[in-house]
Amino acid sequence: MIFLTVAVCNVSISSRSVAARSGLSWVQIKSPELEGLTSCWWRLHSAPGQRIEVQIHRMVSIGHFNNNTLTCLGGWLQFSNGEIYSPTRQAIQMCAQNSRFSPPVVFFGDQGTATLLVR
């Protein structure tokens with residue numbers, strides 16, 4: 001099995017570039033080790049007629065869910081259509097201390113550009 005892994009952040013990933021460089025139609029993103037108050041984003045671009053699909057298989061030390069306020073505290077992962085680099089109610093956020101998801105959590109983007117943001 002061939003894996004094209006991206007382990008850096010604050011980058012744009014184009015489906016056309018991925019296909020041209022690797023022949024693959026997908027990429028595996030692994031967050032680099034982040035410490036303290038920081039953020040990391042990935043801007044995802046699809047070719048016309050393609051859909052962006054992000055599958056979350058595991059989350060480690062990305063905030064925690066507050067049942068009283070129904071919000072993530074201390075960090076989160078956010079998926080949004082378009083180029084959005086700040087918290088917004090129009091985006092989907094999730095958080096977890098150490099969770100594996102089976103089946104994975106899946107997000108879809110149909111606007112040609114989506115942003116994955118970790119804080």
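These legends walk through several close-up views of one predicted protein model.

Because this is a prediction, local features need pLDDT of at least 70 and side-chain atom pairs count only at pLDDT 80 or more, while totals for chains, interfaces and linings use all residues. Residues are numbered from 1 along each chain as its sequence is written, and side-chain values use heavy atoms, with hydrogens and water left out.

**View 1**
Helices (H or I, at least four residues) and strands (E, at least two) are DSSP runs, numbered from the N terminus. Starting at that end, the elements follow the order β-β-α-β-β-β-β-β-β-β-β-β. Of the 119 residues in the chain, 33% are buried; here, buried means under 20% relative accessible area, exposed means over 50%, and partly exposed lies in between (1.4 Å probe, protein chains only). The accessible surface of the chain is about 7,700 Å², and carbon and sulfur atoms account for 50% of that surface. Such areas come from the Shrake-Rupley method with a 1.4 Å probe, and for residues only the protein chains shown count as cover. Contact means heavy atoms within 4.5 Å. Take the contacts between residues at least 6 apart in sequence: 69% of them join residues at least 24 apart.

**View 2**
Two strands pair if DSSP finds at least two bridges between them. Which way do β8 and β11 pair, parallel or antiparallel? They pair in the antiparallel sense, over 5 bridges. Look for glutamine 78, which stands opposite leucine 117 in β11.

**View 1. The largest nonpolar core has 19 residues.**
A nonpolar core is a set of buried Ala, Val, Leu, Ile, Met, Phe, Trp, Tyr and Cys residues joined through side-chain atoms within 4.5 Å. Trp42, Val54, Ile56, Met59, Leu77 and Phe107 have the most contacts inside this core. Two or more residues come from each of β4 (40-45), β5 (52-62), β8 (77-81), β10 (96-109) and β11 (113-118). Which of these elements gives the most? That is β5, with 5 residues. Zoom in on valine 54: beyond its neighbours within four places in sequence, valine 54 is in contact with Leu44, Phe79, Val105, Val106, Phe107 and Leu116. In soluble globular proteins, nonpolar side chains tend to be buried together.

**View 2. A search of the whole structure finds 2 salt bridges.**
A salt bridge is a side-chain nitrogen of Lys or Arg within 4 Å of a carboxyl oxygen of Asp or Glu. One joins the side chains of glutamate 83 and arginine 43 (3.4 Å, N to O). Glutamate 83 is in the loop between β8 and β9 (92-94) and arginine 43 is in strand β4, 40 residues apart. Glutamate 83 is partly exposed at 49% relative accessibility, whereas arginine 43 is buried at 17%. Aspartate 110 forms a salt bridge with arginine 51, with the closest N and O atoms 2.8 Å apart. Aspartate 110 lies in the loop between β10 and β11 and arginine 51 in the loop between β4 and β5, so this pair ties together parts that are 59 residues apart in sequence.

**View 3. Some backbone spots worth a second look.**
Most residues other than glycine have a negative phi, and most peptide bonds are trans. Serine 61, in strand β5, has a positive phi of about 55 degrees although it is not a glycine. Leucine 70, in the loop between β6 and β7 (71-73), also has a positive phi of about 55 degrees. Both are exposed: serine 61 at 53% relative accessible area and leucine 70 at 62%. A cis peptide bond joins serine 102 and proline 103, with omega about 5 degrees.
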